[in-house]
Amino acid sequence: MALTRLIEILEQLDEVHTQMLELAATKKRAIIDNKVEVLIDILNRDSKLTKQVGQLEEQRGEAAYSFLQGVGIRSNLNLNLTELSRLVFDPEEKQKLLHIQGRLSGTLHQLKEANQLNQLLLQQAISYIDFSIESMSYYSEMQVTYHHPADKTGRVQVSGLFDTRG
């Protein structure tokens, strides 16, 4: 019974992470298309899913503890799923546990890759924005102070944005 509950929670975790993976794909498109409003909405939904993952992780820990007590282990060990599967003697239940472990692991790996790609896209977008701001403010920095038109010595000669030499 405790193992069934643990497997159900792991399936719910996989479902929530799959939803996060779908959001990551939408987030990628929003970053590329520079749709800030869509990105904010996605981040809000992502935050709710992250909170749900936290709750499910708490339930998973409780279910794992209940399972350990059911097999006669009284301490609160923090075992991973592979270690827990060694304590399952029913081949069908063991197969279910290992199957959901593999599925969840694959989903988490895909989510990690998607998040790394989105992070890289955001860094590139920020770099582009910084470059744009710097290039727009280049001339205004050079001409900040007033110079009397007759005063030739106070003039700052502004060269082009790029220094060319021939």
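Colleague: Which residues form the nonpolar patch on the surface?

Modeller: Y128, I129, I133 and M136 form it. Together these four have about 480 Å² of accessible area. Keep in mind that this is a predicted model.

Colleague: Where is I129 placed?

Modeller: I129 is in helix α4.

Colleague: Is I129 buried, partly exposed or exposed?

Modeller: Partly exposed, because its relative accessible area is 45%, and that class runs between the 20% limit for buried and the 50% limit for exposed.

Colleague: Let me step back. How many helices and strands are there in the protein?

Modeller: Four helices and zero strands. From the N terminus on, the elements run α-α-α-α.

Colleague: And what share of the residues is buried?

Modeller: Of the 166 residues in the protein, 24% are buried.

Colleague: Which one gives the most?

Modeller: α4 gives the most to the lining of the largest pocket, with four residues.

Colleague: How does the lining of the largest pocket split by class?

Modeller: Seven of the lining residues are nonpolar, four are polar and two are charged.

Colleague: Change of topic: how many salt bridges does the count come to?

Modeller: The count is six salt bridges.

Colleague: Which residue forms a salt bridge with R29?

Modeller: D33 does, and the closest N and O atoms of the two are 3.2 Å apart. Both R29 and D33 lie in helix α1, four residues apart, which is about one turn of the helix.

Colleague: Are R29 and D33 buried, partly exposed or exposed?

Modeller: R29 counts as partly exposed at 47% relative accessibility. D33 is also partly exposed, with a relative accessible area of 36%.

Colleague: And which residue meets R45 in a salt bridge?

Modeller: That is D41, with the side chains meeting at 3.7 Å, N to O. R45 and D41 both lie in helix α2, four residues apart, or about one turn of the helix.

Colleague: How exposed are those two, R45 and D41?

Modeller: R45 is partly exposed, at a relative accessible area of 39%. D41 is partly exposed as well, with 41%.

Colleague: Now the loop between α1 and α2. Which residue lies there?

Modeller: N34 lies in that loop. Phi of N34 is near 60°, a positive value in a residue other than glycine.

Colleague: Is N34 buried or exposed?

Modeller: Exposed, because N34 has 62% relative accessibility and the class starts at over 50%.

Colleague: One more pair. How far apart are T26 and I42 in sequence and in space?

Modeller: T26 and I42 are 16 residues apart in sequence and 7.7 Å apart in space, C-alpha to C-alpha.

Colleague: Where is T26 found?

Modeller: T26 is in helix α1. With a relative accessible area of 36%, T26 is partly exposed.

How values were computed
Residues numbered from 1 in each chain as written. Predicted model: local features only at pLDDT ≥ 70, side-chain atom pairs only at ≥ 80, totals over all residues. Heavy atoms only, no water. Helix = DSSP H or I, 4+ residues; strand = E, 2+ residues; numbered from the N terminus. Nonpolar A, V, L, I, M, F, W, Y, C, P; charged D, E, K, R; others polar. Patch = residues over 30% accessible without salt bridge, like charges linked within 9 Å, V, L, I, M, F, W, Y side chains within 5 Å. Areas by Shrake-Rupley, 256 points an atom, 1.4 Å probe, with all protein chains shown as cover. Buried < 20%, exposed > 50% of the residue type's maximum accessible area, 1.4 Å probe, protein only.
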